[in-house]
Amino acid sequence: MSEAQTSGALLGLNRYQWLVLFAAWLGWGFDVFDGLLFNYVSPICVPALLGLDPADPATKTETLYVTAWLTSLLLLGWALGGIAFGQLTDRLGRTRTLLLTMLTYSLATAACALAPNLPTLALFRFIASLGIGGEWAAGAALVAESLPKERRVLGGALLYTSAPMGLFLATFVNDLFTRKLDRIAADPTLSWRVVFATGLLPALVALAIRTRVREPELWQPSSAPRLGELWTPELRKNTLGGLSMAVIALITWWSCSAFIPVVAGNLSAGAPIPAGQTAALVRTGFITTATTAFNLGGLLGTLITIPAALYLGRRKMFLLYFLAGAASIHWTFGLDHTASVRMLSMFGVGLSVFGVFGAFSFYLPELFPTRLRGTGSGLCYNAGRIVTAAFPFGVGWVVRGGAAPLEVLSWVALVPLIGVVLVASGLVSETR
């Protein structure tokens, strides 16, 4: 009987396995935290770096456009880093790669605080995105191989609960330095830089992880894991199915979440300004409300993937989440609501569009053998970002041309419906 099966185990996991899960949980949580800091501060830092008047209505459109193309740049770097570090995960090891990726994205994010102009900020964001993309494959493979097989669904879903926690932390940090700490919030040229500087936190955590977590016993160095091996007859369907599910989920998530702070900020334009506050403080409050609703929905949706995967199976689980995603996007962005109802409706978007990602931490590793687990998972989860990168930019480009942001976002509901068709076609493998 393994140590994980002893009576002292919690949910079938021993103390060390919980440590491994916590280490990967922190890595992914800080990954998301660093990845989305720019989207929170873009309403402040973009006008500051471009010398634009925040009160000018044209500034809002320009800010959304810049946010869109920087988000697309992030996704491209994320894809490249995910594929490259995914292969390194199989060659160098899960723990070593986890450390390397965390150091990359944390140091580069902190460097954004020193950016004197927009091109420099874009360069630092791109470097950070390489590490952000690589961390997921290393963490997911580490958890899949360190936990008992019968606990991988539990471990994978719990691993992804760190994503909404990372967003909660990003929301808190943004709210703290751009609204609550008066001395910092009062200076828009300083507040966004302090927010980026907090991206250094994961570097300290990474060093602590390296001293406590060892490589899983299942892993053996792979001399040359090749991407071509994922397209052999034995693995082709698994690769296509995993890649298609990731592409649908990523396009939907980034087309919505990247613009939630901007949409919420725009909703604040007609809101009354309480005594003692400014329009900027009201805008930050709207952003906090909308993103918190989205994050809470994502946290609950992530946890629901556990019973959904175990009792419905993987294919029906994806069908459920994609149908719910299409409905919630149409409700939130396509119908006429008050500002408060629209912001709270972000909960439903998070529940479905965000929650489905709890499945990838266990589903993608299930598709591939041990020697290709990091390579296969990294390719499926991150290569889709190359396709995804066009969509945030497309949303920003269309809005810049005069289209209403809410109207454009409402059309994103068609993307998860395509996912429903793909699952129903039999492309997606059932790994239960």
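## Cysteines

Let's start with Cys256: at 0% relative accessibility, this residue counts as buried. The model you are looking at is a predicted one. Cys112 likewise has 0% relative accessibility and therefore counts as buried.

What is the count of disulfides here? It comes to zero. Cys112, for instance, is in no disulfide, and the nearest cysteine sulfur belongs to Cys45, 8.9 Å away. A disulfide needs its two cysteine sulfur atoms within 2.5 Å.

## Aromatic pairs

Now to the rings: the count of aromatic pairs comes to 20. One of them joins Trp253 and Phe354 in an edge-to-face arrangement, with 5.5 Å from centre to centre and 75° between the planes. This pair links distant parts of the chain, as Trp253 belongs to helix 10 (residues 236–257) and Phe354 to helix 15 (residues 346–354), 101 residues apart. Both Trp253 and Phe354 are buried.

Another pair to look at is Phe318 with Phe360, which is tilted: the centres are 5.7 Å apart and the planes make an angle of 40°. Phe318 lies in helix 13 (residues 314–334) and Phe360 in helix 16 (residues 360–366), so this pair ties together parts that are 42 residues apart in sequence.

## A charge over a ring

Finally, have a look at Arg214 and Tyr16. The charged end of Arg214 sits over the ring of Tyr16, at 3.9 Å from the ring's centre.

Conventions
Residues numbered from 1 in each chain as written. Predicted model: local features only at pLDDT ≥ 70, side-chain atom pairs only at ≥ 80, totals over all residues. Heavy atoms only, no water. Phe/Tyr/Trp six-rings, centres within 6.5 Å; stacked < 30°, edge-to-face > 60°. Helix = DSSP H or I, 4+ residues; strand = E, 2+ residues; numbered from the N terminus. Buried < 20%, exposed > 50% of the residue type's maximum accessible area, 1.4 Å probe, protein only. Lys NZ or Arg CZ within 6 Å of the ring centre and 35° of its normal.
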